[in-house]
Amino acid sequence: MEKKTMGSFLAALRRANGMTQKELAERLNVSDKSVSRWERDEGAPDLSLIPVIAEVFGVTCDELLRGERAAAGAEDAVPQTSPKAEQQRRHLLASSLSRFRSRCCISLACSFGGFLVAIAFNSALERALLGFFLGAVFFVAAAAVETVQLNAALLAIHDEEGEDVDAFRRAVVRGAERTYGAAWVLFACTLPLLWAFHPVTINGFTASRTGVGISLTFWQAALVLLAAVLIAFFAVRLVERRLVKKRFLPPEEKTEAQRKNDRLLRTTALALCAALALSAFINRALVGFGDTRRLAEGVEFTDFDSFKRYMRKPVKPTYDSGGGFATETAVAESPLYYENDTPIYRSQTEGATIEDDNGNVLCNFIWRNRSVVFWRTGPKADGYLPVTVYTQEAMSLARQKAQHINTLFYGVYAVEVIAAVTYYLRKRER
């Protein structure tokens, strides 16, 4: 008895219609070698081609998968699918899902490439805007590739039904959700580069930042990443609920243990977010909310005369500010004279003033003490006294103190995350 397969049935249909393998291949937009392999049962057509082949030969998809025509009068009977057809169907679904996931990797690689391009142009070339728009090209391409592959995968099963088809559809949708979500998170991480549009004022002149790079602090980067992840998470959940409501996806049936684990996961995640937020607030408060000058210990002067004597004393800077607090000195400028072996430059002989809110001069002094970074006056009610002076040494110690506090809290964050994960793993039901 001749074994009935899809390949032999396809060959019989082709010969019955007077078509060559090359003619069929041209209609299906494949090579004639592919048709030859199908007919020898060395491979199978793509799932998206099954409806096309069935339409070409005037048969049903089920008949093509079974490898034989339905018996006369079987239209009103319950269709009986042969084990061979079921196996072929599962193989086609599995191979289509595998191809879809492989193509999702292409989209992910394109998104990651866009992220790397944006970061490279910003960090290495200091061209934030150019890096953002070049990276955006990659992200658009990734979204387009993913959309095309998603539509192709779903169109291949638009007329199919069954539990295996529902599982295939859910796997495809969730794979696309992960791919779109990852692309969005990477794209959102490049959005701060648009800050280069913001003008900056330097010495009274407003300059564009289109030709510079953008850098973020740890907290700014963490906030951007957290916001992107939360938006992606809630968007995915919203889309999935809409698809279930429109009956495009079957509702996911969960056991009582799975529902309890979901509630435990939500509770643990909320508790972890609250703990991290509280720890982050305490951390920021201890380091002066990003202003390390609040941690510095200054030198107070209760009168302007002592302040002027302190500022007039020639002192060379001995600490590298590193954080942008040091005053600029004329490196290429020749000293006018030396005082106690300390070079005195022209910029150090020019006078500086302390003024009140109305612009009235309260104090004139010569700024020779170049270890001073900045000074702060007292309240107006007390005659703007005392004057507190902050040196480079004090600012360097303040930055070291802030760094130690941040390092300590990084450990606190890690402990909180580990504790939350451990609690969930121990409490969840198997």
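Trainee: Which helices do the buried residues of α3 pack against?
Mentor: This is a predicted model, where local features need pLDDT of at least 70, side-chain atom pairs count only at pLDDT 80 or more, and totals for chains, interfaces and linings use all residues. Residues are numbered from 1 along each chain as its sequence is written, and side-chain values use heavy atoms, leaving out hydrogens and water. Helices (H or I, at least four residues) and strands (E, at least two) are DSSP runs numbered from the N terminus. The buried residues of α3 pack against α1 (6–16), α2 (21–28) and α4 (50–57).

Trainee: Which residues of helix α3 are buried?
Mentor: Buried means under 20% relative accessible area, exposed over 50%, and partly exposed in between, with a 1.4 Å probe and protein chains only. In α3, which spans residues 32–39, the buried ones are S34, V35, S36, W38 and E39.

Trainee: Is R27 buried or exposed?
Mentor: R27 lies in helix α2. Contact means heavy atoms within 4.5 Å, and R27 touches M19 and V56, not counting residues up to four places away in sequence. Its relative accessible area is 55%, so R27 is exposed.

Trainee: Is R170 buried or exposed?
Mentor: R170 is found in helix α8. Leaving aside residues up to four places away in sequence, R170 touches E240, L249, P250, P251 and E252. With a relative accessible area of 13%, R170 is buried.

Trainee: Which element gives the largest share of the lining of the largest pocket?
Mentor: On a 1 Å grid over the protein atoms alone, a pocket is an open set of points where a 1.4 Å probe fits, with protein on both sides within 12 Å along at least five of seven lines; lining residues have an atom within 4 Å of a point. The largest pocket is lined by 28 residues, with F233, R237, K254, L265 and R266 nearest its centre. Elements giving two or more residues to this lining are α8 (163–190), α9 (218–245) and α10 (256–286). The largest share, twelve residues, comes from α9.

Trainee: Which residue of β7 is the bridge partner of T353?
Mentor: Two strands pair if DSSP finds at least two bridges between them. Five bridges join β6 (residues 351–355) to β7 (residues 361–366), and the two strands run antiparallel. They form a hairpin with five residues between them, and G359 in the turn has a positive phi of about 85 degrees. The bridge partner of T353 in β7 is N364.
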